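Please read this briefing alongside the model.

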Amino acid sequence: MTANVVSWILLLAIAAYACGGGVDYGAGFWDLLAGGADRGKRPRWLIDHAMAPVWEVNNVWLIFVLVLMWTGFPVFFQTVFTALWLPLALAVVGMVLRGAGFALRKPTRRLAERRIYGAVFAVSSLLTPFFLGVVIGSVASGRVAPGTTASADVWANTTSITAGLLTVAATAFLGAVFLTVDARRFGAHDLVGYFRLRAWISSAALLVIGVIGLTVTDPHASYVHHGLTHGVGLVLVIVAVVALAVTAWLVAGTAAGWARYSSVAVVALLVAAWGFAQRPYLVPTSLTVQQGAGASATLQWMLIVAAVALVLIGPALVVLYRLDTHGVLEPLTDEDVAK
Amino acid sequence: MSTAAHLLANTPAQLLPARELMAFTLASHILLVPLGVALPFVTLVMHYRGLRKADPVALLLARRWSAVMAVQFAVGIVTGTVLSFEFGLLWPGMMGRWGDVFGLGFGVEAWAFFLEAILIAIYLYGWRRLKPWTHFWLGAPLPLAALMGAFGIIAANAWMNTPQGFTLDASGKPVNVSVQQAIFTPMFGPQYWHFAVAMFLTAGYVVAGVYAVGWLRGRRDRYHRLGFTVPFTIAAILTPVQFLLGDNIARQIFHKQPIKFAAAELVWDTDTHVPEYLFGRLQEDGTVKGGLKIPQLDSILAGFKPDTQITGLSSVAADDRPTATQATIVHWSFDIMATVGSVLILLVLWYAWCWWRRRDLPKSRWFFRCAAVAGVASLVTVECGWITTEVGRQPWIVYQNMRVSEAVTPTSAGSLWTMLGIVVAVYVLVFGAFLSVLLKMRSRWRLADSGSAQELAEGPETDTPYGPRPEPAVGAPGTHRAPGSEQ
Ligand code: HDD
Ligand code: HEM
Ligand code: HEM
């Protein structure tokens, strides 16, 4: 029972990271495609601007995912990190490069150097979500089992690669939707249309890759495939598609602000569908939630800690969002630290 | 075959690169942690002073320090995330077996970081528009959140040193997990307080050191005076406390991790009347080469009398204890830590004396030279403390319950060496960028102080990442009160 609750919390944390982190990675994705230094100047300006204050908080979700995994489901953690060593190692290297590239680009004056750092940032914004998606795909594909050692065929297969591409498409979609809204918020009207077009393109890409993913059946992945095409899983997938259509419609209109919520819903619903599809397994079809669960005393304490933390963090989050939406939060300017 | 070679032959090839990678990334991360844990506190003290006395200089310092905090926090997050991944990439065996026993500490840590990230966002972005005291009080819980994060990490580490809170079933799997016992292990208290004080002390000396350099270069205005005095005083108060806590933690490892103590003090045979070696190198045959030998002192320090018996390294089998080289590393890092701790006490006495006699800072340039070095020395000491802790535990990852070689990933040594190479290269870049950003901020502020701010107000250089950024193009507020001031 406790193990089930904790596994749902784990899924929730994954969904939160997919949405929060996804927006960030998506911004990086569009940075990559923004073109040369001159042409890409405006979109890059907006991307830098929209990203800086939020990515720290978003990153914490990833830490939650890891901690929940190793504390709640130690064998699951061991299995995934052993079998999928390479994609995970590449994802983490990408994460560091991304932070470094982002940090280095701004203070550098020389254009050539800025290009290099910018490229590092943008390329790793693409690779990191790709490999994280590959990891999820590989778990879902049923090729990982406790005791599996690292090898390429665990993750170099259609299911895993499709999942990786789907993740990239999802981040691009989230990024484009949020940037469309941000462009409006910051008054950069020329960029509204620019990102709206990209939001549409990536919605279409997401849909196409998703459909391909569901039709190209992989014998190993039959359990999850069945879950996604029947029952609750199917319902969630359908609702996600509806939310996708709603988002595409919303970004065109004047109430574009709502598109953020519907785009987040798309991604969260997809994650939820995956979770439902592989119930009751952590690793289909070799490790169930019950088999993988850690000590029950620990799981209970995790829930207690989470409850206490919510009491502390809830108010802090409310204050943060209130201040932010009231426009009270503003970076210090050079002038502020000059005198 | 020598023992060392024999041991090497028994360990998997990927162990060495895995250890090097872990040690390198941890040692890098820990350099940012003192500022991460304690810079908010130092800044808040200055902020409080500024508000209380309506002191614009203090407020300016607090604003500048929070700009530094923003950059430092970002790098801390990147390096910390790597560590979390490495638990799985390098030590899956440890997490698979023990994750549910000792992982809860990390759970606390993750929530604490969440709170910290929120509060930091409010604090950093709140300077301009929030009411001064509201802003201050919203930032005030930051040090507590940081201490809570450290609680989780140290609980996990102390558990690795003195594991408890479980029993082993027939197959060697931990069962009957008691979470309270696994968090509050015997080493937890001593480690936590020694560590927490180390963080505040180090942050104090590092920040003060920056202004000590300015002072030495002849910038003796009120700004430098305040920037030096407040953090230095915080550190000075904590230094004797840390000395006592250090003495205490050493005695705790004497009782609770006797083999680590033997390594730190180069004790080979279990004996009474054991001498203390200052530095020196342990040989394979148990003799000590070089170093300064003080008869009886080790027994006296450990048990207050010369006939205190001290467990020696040779009391356990060769593959259950650190090698001679590892023992020497532990010993040196322990001695460097204790030396720096003692020297800092002298520096503090100097400061206290002048303050007591003249209510003023010491006049001597030597004092400021030492103070400038104190920050770097504290960082070195923090590294030494961790090397003592970690290398002293070898060959155990979970003391007496799991060897490092049992925990290591089956991934090939080649992949790990490659990863190490990449990580080192990337970290050199990241830390280089971090330093260059800080230096740029500093020179910009110095120019601003000398009244030539306009010269710099151009080019991409003005937007330091996460730091002070230019106004958004639209909706820029006009001139208004100086952020954080009372008007
Ligand atoms: C500025 C920092 C600083 C200073 C001045 C000292 N230490 Fe320290 N020490 C640390 C910073 C530190 C640390 C980095 O924070 C460690 C690493 C692990 C820990 O919990 O604290 C540590 C660990 C540590 C350990 C190992 C604990 C273990 O293995 O579990 C011992 C025995 C000491 N210290 C003893 C001392 C003594 C006798 C000092 C004498 C004056 C001293 N420390 C000063
Ligand atoms: C942050 C400061 C720390 C530093 C500088 C540090 C340093 C080191 C070093 C030098 C090693 C290699 C030991 C050897 O090969 O002889 C090591 C290993 C390790 N440390 Fe730490 N450590 C730190 C804190 C921690 C903490 C807080 C944890 C866990 C909560 C931890 C977990 C480990 C693990 C799992 C290993 C690998 C196994 C081993 O060699 O024992 N370390 N660390
Ligand atoms: C000596 C022990 C350590 C302490 C006290 C410590 C403290 C901190 C602090 C204060 C931060 C906030 C960022 C900053 O200001 O630099 C941070 C970041 C982080 N640390 Fe460490 N750290 C330690 C070792 C470790 C270890 C062993 C891990 C691995 C599990 C780790 C994981 C992290 C992570 C994941 C972050 C980023 C958190 C985020 O995303 O907000 N830390 N650490």
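Ligand 3 sits in a site shared between chains, because residues from both A and B surround it. In this predicted model, local features need pLDDT of at least 70 and side-chain atom pairs count only at pLDDT 80 or more, while totals for chains, interfaces and linings use all residues; side-chain values use heavy atoms, with hydrogens and water left out. Residues are numbered from 1 along each chain as its sequence is written, chains are lettered from A, and ligands are numbered from 1 in the order in which they are written.

- A residue is near a molecule or strand if one of its heavy atoms lies within 4 Å of it.
- The iron atom of ligand 3 has His29(B) (NE2) as its only protein donor, at 2.1 Å. Donors are N, O and S atoms within 2.8 Å of the metal (3.2 Å for Na, K and Ca); water is not among the atoms, so sites may look incomplete.
- His29(B) belongs to helix α2 (residues 15–52) of chain B. Helices (H or I, at least four residues) and strands (E, at least two) are DSSP runs, numbered from the N terminus.
- Polar contacts are pairs of N or O atoms within 3.5 Å; within protein, one atom must be able to donate a hydrogen and the other to accept it, and residues adjacent in sequence count only if both atoms are side-chain atoms.
- From chain A, an N or O atom in the side chain of Asn59(A) is 3.0 Å from an oxygen atom of ligand 3.
- From chain B, a polar side-chain atom of Gln72(B) lies 3.1 Å from an oxygen atom of ligand 3, and one of His29(B) lies 3.0 Å from a nitrogen atom of this ligand.
- Ala, Val, Leu, Ile, Met, Phe, Trp, Tyr, Cys and Pro count as nonpolar, Asp, Glu, Lys and Arg as charged, and the others, Gly among them, as polar.

- Ligand 1 is surrounded by 26 residues, and the closest are His194(B), Ile249(B), Lys260(B), Met337(B) and Val382(B).
- An N or O atom in the side chain of His194(B) is 2.7 Å from a nitrogen atom of ligand 1.
- Oxygen atoms of ligand 1 are also approached: an N or O atom in the side chain of Lys260(B) is 2.8 Å from one, and a polar side-chain atom of Gln191(B) lies 3.3 Å from one.
- The largest share of the shell around ligand 1 comes from α10(B), with 7 residues. In total the shell has 13 nonpolar, 11 polar and 2 charged residues.
- The iron atom of ligand 2 has a single donor from the protein, Glu390(B) (OE), 2.3 Å away. Glu390(B) is in helix α14 of chain B.

**The nonpolar core**

- The largest nonpolar core has 265 residues, of which Phe76(A), Leu84(A), Trp91(B), Met94(B), Phe228(B) and Phe232(B) touch the most other members. Its largest share, 21 residues, comes from helix α3 (residues 56–90) of chain B.
- Such a core is a set of buried Ala, Val, Leu, Ile, Met, Phe, Trp, Tyr and Cys residues joined through side-chain atoms within 4.5 Å. Buried means under 20% relative accessible area, exposed over 50%, and partly exposed in between (1.4 Å probe, protein chains only).
- Leaving out residues up to four places away in sequence, Phe228(B) touches residues including Tyr211(B), Tyr351(B), Phe367(B) and Phe368(B). Contact here means heavy atoms within 4.5 Å.

**A buried threonine in chain A**

- Thr247(A) lies in helix α11 (residues 231–252) of chain A and is buried, with a relative accessible area of 1%.
- The side chain of Thr247(A) reaches the backbone oxygen of Ala243(A) at 2.6 Å.

- A cis peptide bond joins Arg279(A) and Pro280(A), with omega about -5 degrees.
- The peptide bond from Gln394(B) to Pro395(B) is cis, with omega near 0 degrees.
- Phe279(B) has a positive phi, near 60 degrees, and is partly exposed at 25% relative accessible area.
- Gln400(B) also has phi near 60 degrees, and Gln400(B) is exposed, with a relative accessible area of 53%.
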